[in-house]
Amino acid sequence: MYSQGLIGADGKTAEDEAFIARFQKRIDAEEKIEPNDPMPEGYRKTLVRQIGQHAHSEIVGMLPEGNWITRAPTLRRKAALLAKVQDEGGHGLYLYSAAETLGVSREQMTEELLSGKAKYSSIFNYPTPTWADIGMIGWLVDGAAIMNQIPLCRCSYGPYSRAMIRVCKEESFHQRQGYEIVMTLAQGTPEQRRMAQESLDRWWWPSLMMFGPHDGDSVNSDQSMKWKIKRFTNDELRQKFVDATVPQAERIGLKMPDPDLKWNEEKQGYDFGPINWDEFWKVVKGGGPMNRERIAARRKAWEDGAWVREAALAHAEKRKMARLAAE
Amino acid sequence: MNKETPVWEVFIRPRTGLAHKHAGSVHAADEVMALQAARDVYTRRGEGQSVWVVRSADIVAFDPADKDELLEPSADKIYRHPSFYNIPDDVGHM
């Protein structure tokens, strides 16, 4: 499960003040908004974009892990990874369905992903050259996503919140699955330990970037908080993630690749070094190591599957005609 | 592709004795594939003993704009509740 601080939401809206005030009153009263309720256009557009990005992230997120299914070291690992990747496909479907309640079709969203118009989480534009990377994805990437998604279970939009509840329930095994892989390597031969540390060195900073830009640079964050789409800011969630994850690394003798990382007694949390935002924006804008491959793989899957979709519809049509003729 | 695959709503009975409850949606060309997709997506962890699928387009509902008059809670009809009626205590539980 993978979501990210929303990239480039446009919360602008043109309704009159009385309408906005009525809507805000419902939000402030913690009422859930359902698909056919009146809502500001900006609220609808923000959700379509956010849920769409989230759904695309689930689907694209199947690719780096799928890379290792046939090469998993044991049957136990293979069965678990297969189940996890299958879950991610399901999560994509729940999210596409939630977005569809806002009047956008899955076909439209798919086209936007394939054309590069729609974004997905920057983390999936990094490669998975070693088996340890599969452990890191479960531990760090799913871990970061869980931080983000638990508050989304209380999102003001009913269908999104219900999808998130399902996702979080199913998600609980993913992070444990990943941590167990990393732990096994960390307690293995010196070569396996090196593999785990080398992988952590590559994944730590991109995982912190998953929470999106700093609060000061996150232009539409305030509106999303006001509409209770978001419950915590990017920096708050990132801090929670660091505080939860650093002790988990220490427990298995791995070290975060950050010389500035240290416990701050006063704030009861860790201080950490500066994030390379140039890298983040480069990856978001298509310049990451795997952006081209990911979209090419999605495009190939969509094109190769075209005849299946067409045949299924033709078959359904033929059966319908036969039924009508028999009546 | 110009034709969109229809959306189906999925209802699942968690176990006998309970009613089917809305679980989510799937896309499928026909009812056979809709059922298969619903099983694959919504029953991977023992969630159900029975699955229904219904075309979303076939669901009939009130216009939400008329919700207030059509679905008003009848708060003034207190005689619809048992506590409206005065029965002496010595009659016992009723």
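Angles under 35 degrees between two axes count as roughly parallel, over 145 as roughly antiparallel, 65 to 115 as roughly perpendicular and the rest as oblique. The structure considered here is a predicted model, in which local features need pLDDT of at least 70 and side-chain atom pairs count only at pLDDT 80 or more, whereas totals for chains, interfaces and linings use all residues. Residues are numbered from 1 along each chain as its sequence is written, chains are lettered from A in the order in which they are written, and side-chain values use heavy atoms, with hydrogens and water left out.

In chain A, helix H6 (residues 132-152) packs with helix H10 (residues 234-251) at an angle of about 140°, the axes being 10 Å apart; helices are DSSP runs of H or I with at least four residues, numbered from the N terminus, and axes are lines fitted to C-alpha atoms over the stretch in contact, with angles running from 0 to 180 degrees between N-to-C directions. H6(A) and H10(A) are therefore oblique to each other. On the H6(A) side, the contact (heavy atoms within 4.5 Å) is made by A:Trp139, A:Leu140, A:Gly143, A:Ala144, A:Met147, A:Asn148 and A:Pro151, and on the H10(A) side by A:Leu237, A:Lys240, A:Phe241, A:Ala244, A:Thr245, A:Gln248 and A:Ala249.

Elsewhere in chain A, A:Glu65 is found in helix H3, which spans residues 62-66. A:Glu65 counts as buried because its relative accessibility is 0%, where buried means under 20% relative accessible area, exposed over 50% and partly exposed in between, with a 1.4 Å probe and protein chains only. The side chain of A:Glu65 makes a polar contact with that of A:Lys84 at 2.9 Å; such a contact is a pair of N or O atoms within 3.5 Å, and within protein one must be able to donate a hydrogen and the other to accept it, residues adjacent in sequence counting only if both atoms are side-chain atoms.

Two loop residues of chain A other than glycine have positive phi values. A:Glu30, with phi near 60°, is found in the loop between helix H1 (17-28) and helix H2 (41-60), and counts as partly exposed because its relative accessibility is 42%. For A:Lys228, phi is near 55°, and the residue is placed in the loop between helix H9 (221-226) and H10.

In chain B, B:Gly48 lies in the loop between helix H1 (31-42) and strand S3 (50-55), strands being DSSP runs of E with at least two residues. With its neighbours within four places in sequence left aside, B:Gly48 is in contact with B:Ile12, B:Arg13 and B:Pro14.
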